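Subject: Structure for you to look at

Hello,

Here is the structure I said I would pass on. Please open it beside this email and follow along; my notes come after it.

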Amino acid sequence: MSNSITRADFDQVMVPNYGPAAFIPVKGLGSRVWDQDGREFIDLAGGIAVNSLGHCHPQLVAALTEQAGKLWHVSNVFTNEPVLKLAHALTAATFADRAFFCNSGAEANEACFKLARKYAADHFGADKNEIISCKNSFHGRTLFTVSVGGQPKYTEGFAPVPAGIHHFEFNNIDSLKAAISDRTCAVVIEPVQGEGGVLPADKAFLQAARELCDQHNALLIFDEVQTGVGRTGSLYAYQEYGVTPDILSSAKALGGGFPIGAMLTTDKIAKSFSVGTHGTTYGGNPLASAVALKVIEIVNTPEVLAGVRAKSQRLRDGLNAINDKYKVFKGVRGMGLLLGCVLSDDFAGRAKDFITAAAKHQLLLLVAGVNVVRLAPSLVVEERDIDEALQRFDAAVAEIVAAK
């Protein structure tokens with residue numbers, strides 16, 4: 001095998017379920033990334049809202065390096081110090097009394113959904129098993145989580161899918177009222193639909209969901225895989241809304257780039273996961289837990305959370321200025337540093353074209369469907385990087401408009 005690796009190797013040796021960019025990143029620092037040819041990119045994609053503190057943050061590198069010299073893995077036959085410290089930090093900072101750790105957002109949501117059904121079976125009987133979630137939602141790629149997710153394209157070709165799952169309209173209280181019943185064990189909502197277009201929930205909608213769950217003895221689950229750990233300007237988005245769930249999933253930004261997921265819940269509900277009812281081989285790994293603890297310690301501070309709000313406004317102002325020039329967006333929406341530029345009718349369906357043009361100008365962005373350009377940068381992205389990124393995006397937009 002040659003020591004020279006190129007993008008062509010992907011097409012030879014990898015399962016073709018991804019279509020990665022033509023260049024290969026090899027180094028990152030802060031909000032900058034360099035490819036094999038030494039080209040420098042500004043990263044406003046953040047590994048899809050994962051790199052909460054940018055690339056190679058020195059305190060995360062130190063936490064990982066220190067733990068790597070102590071203990072890597074012992075399995076859940078034992079517990080370990082880093083995972084217990086992390087659980088203490090998360091429960092102290094949230095509504096939760098208990099934490100369960102895994103490796104990804106999909107696994108965190110899988111645990112949420114299983115716990116909700118187990119809790120309902122324990123307290124109300126086996127018939128109370130229906131899970132209802134929002135249309136156009138996204139909760140992961142396991143068979144259970146794509147079924148709960150409200151995007152049929154992700155279940156095509158994978159039937160039969162799990163039963164007892166129904167969907168209602170996001171931000172539509174009447175639709176939720178029509179869907180919920182005494183057979184409902186859980187209502188699942190993303191406070192901001194990420195993959196579904198960076199669409200924030202209305203506060204009244206989340207309040208109604210809380211009230212309806214209480215009326216029907218159903219659990220309210222917030223999927224905060226993408227919105228959690230400072231992304232919205234609070235540690236978790238539910239704190240922005242003042243609406244408290246019964247179960248919450250967290251991942252992505254939690255590890256700052258190191259794989260980890262978490263489910264948070266209360267003492268009463270957690271009891272339904274007794275010994276042997278659920279598990280994971282790597283969940284609560286000392287390496288991941290040590291890094292995640294450092295992420296929480298850094299992010300959950302007034303300075304960083306206030307910085308998220310300030311940087312969000314700086315980005316919004318810059319994006320709106322670009323739109324004033326080129327009229328390519330209907331608007332900019334989202335919360336904190338999870339923002340979406342909704343394309344105008346003249347550019348409908350062309351979100352990927354904007355991403356491609358941005359990459360030519362050495363700027364990394366994301367899509368959220370075919371009509372939304374998504375930004376999910378580091379929570380500590382520097383102002384100079386924001387300003388330069390906006391200049392590069394301006395040039396990319398100008399190029400698309402000129403070619404139209």
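Helix 12 and helix 14 are roughly parallel to each other. Please keep in mind that this is a predicted model. The angle between helix 12 (residues 302–326) and helix 14 (residues 383–403) is about 20°, and their axes are 10 Å apart. An angle under 35 degrees counts as roughly parallel, which is why this pair gets that label. The crossing of the two helices is right-handed.

Which residues make the contact between them? From helix 12 come Lys-311, Arg-314, Leu-315, Gly-318, Leu-319, Ile-322, Lys-325 and Tyr-326. Helix 14 contributes Glu-383, Ile-386, Asp-387, Leu-390, Phe-393, Asp-394, Val-397, Ala-398 and Val-401. Sorted by class, the residues in this contact of helix 12 with helix 14 are 10 nonpolar, 1 polar and 6 charged.

Helix 14 also packs with helix 13 (residues 351–360), at an angle of about 125° and with the axes 8 Å apart. That angle makes helix 13 oblique to helix 14. This crossing is right-handed. On the helix 13 side, the residues are Asp-353, Phe-354, Ala-357, Ala-358 and Lys-360. They meet Phe-393, Ala-396, Val-397, Glu-399 and Ile-400 of helix 14. The contact of helix 13 with helix 14 holds 7 nonpolar residues, no polar ones and 3 charged ones.

Strands of a sheet pair through backbone hydrogen bonds, in either a parallel or an antiparallel way. Here, 4 strands form an open sheet in the order 13-14-17-16, and the pairing is antiparallel. Strand 13 (329–335) and strand 16 (366–367) are the edge strands, each pairing on one side only. Strand 16 is joined to strand 17 (residues 372–375) by 2 bridges, in the antiparallel sense. Val-367 has Val-373 in strand 17 as its bridge partner. Helix 12 packs on this sheet and touches strand 13, strand 14 (338–343) and strand 17. The direction of helix 12 makes about 175° with that of strand 13.

A further helix pair is helix 3 (residues 58–68) with helix 11 (residues 286–299). The axes of helix 3 and helix 11 come within 9 Å and cross at roughly 150°. Are they parallel or antiparallel? Helix 3 and helix 11 are roughly antiparallel to each other, because angles over 145 degrees count that way. Their crossing is right-handed. The contact involves Gln-59, Leu-60, Ala-63, Leu-64, Gln-67 and Ala-68 of helix 3. From helix 11 it involves Pro-286, Leu-287, Ala-290, Val-291, Lys-294, Val-295 and Ile-298. In the contact of helix 3 with helix 11 there are 10 nonpolar, 2 polar and 1 charged residues.

Some strands pair elsewhere. Strand 2 (residues 32–35) and strand 3 (residues 40–43) are antiparallel and share 3 bridges.

As for aromatic rings, the count comes to 9 aromatic pairs. One of them is Phe-113 with Phe-144, an edge-to-face pair with 5.5 Å from centre to centre and 65° between the planes. Phe-113 lies in helix 5 (residues 105–124) and Phe-144 in helix 6 (residues 143–148), so the pair ties together parts that are 31 residues apart in sequence.

Lastly, two details of the backbone. Most residues other than glycine have a negative phi, and most peptide bonds are trans. Asn-136 has a positive phi, near 70°. Asn-136 sits in the loop between strand 5 (130–134) and helix 6. The peptide bond from Ala-159 to Pro-160 is cis, with omega near 0°. Pro-160 is in the loop between helix 6 and strand 6 (165–168).

Regards

Definitions and conventions: Residues numbered from 1 in each chain as written. Predicted model: local features only at pLDDT ≥ 70, side-chain atom pairs only at ≥ 80, totals over all residues. Heavy atoms only, no water. Axes fitted to C-alpha atoms, helices over the stretch in contact; angles between N-to-C directions. Parallel < 35°, antiparallel > 145°, perpendicular 65-115°, else oblique. Left-handed = near helix turned anticlockwise from the far one by under 90°. Contact = heavy atoms within 4.5 Å. Nonpolar A, V, L, I, M, F, W, Y, C, P; charged D, E, K, R; others polar. Pairing = 2+ DSSP bridges. Phe/Tyr/Trp six-rings, centres within 6.5 Å; stacked < 30°, edge-to-face > 60°.
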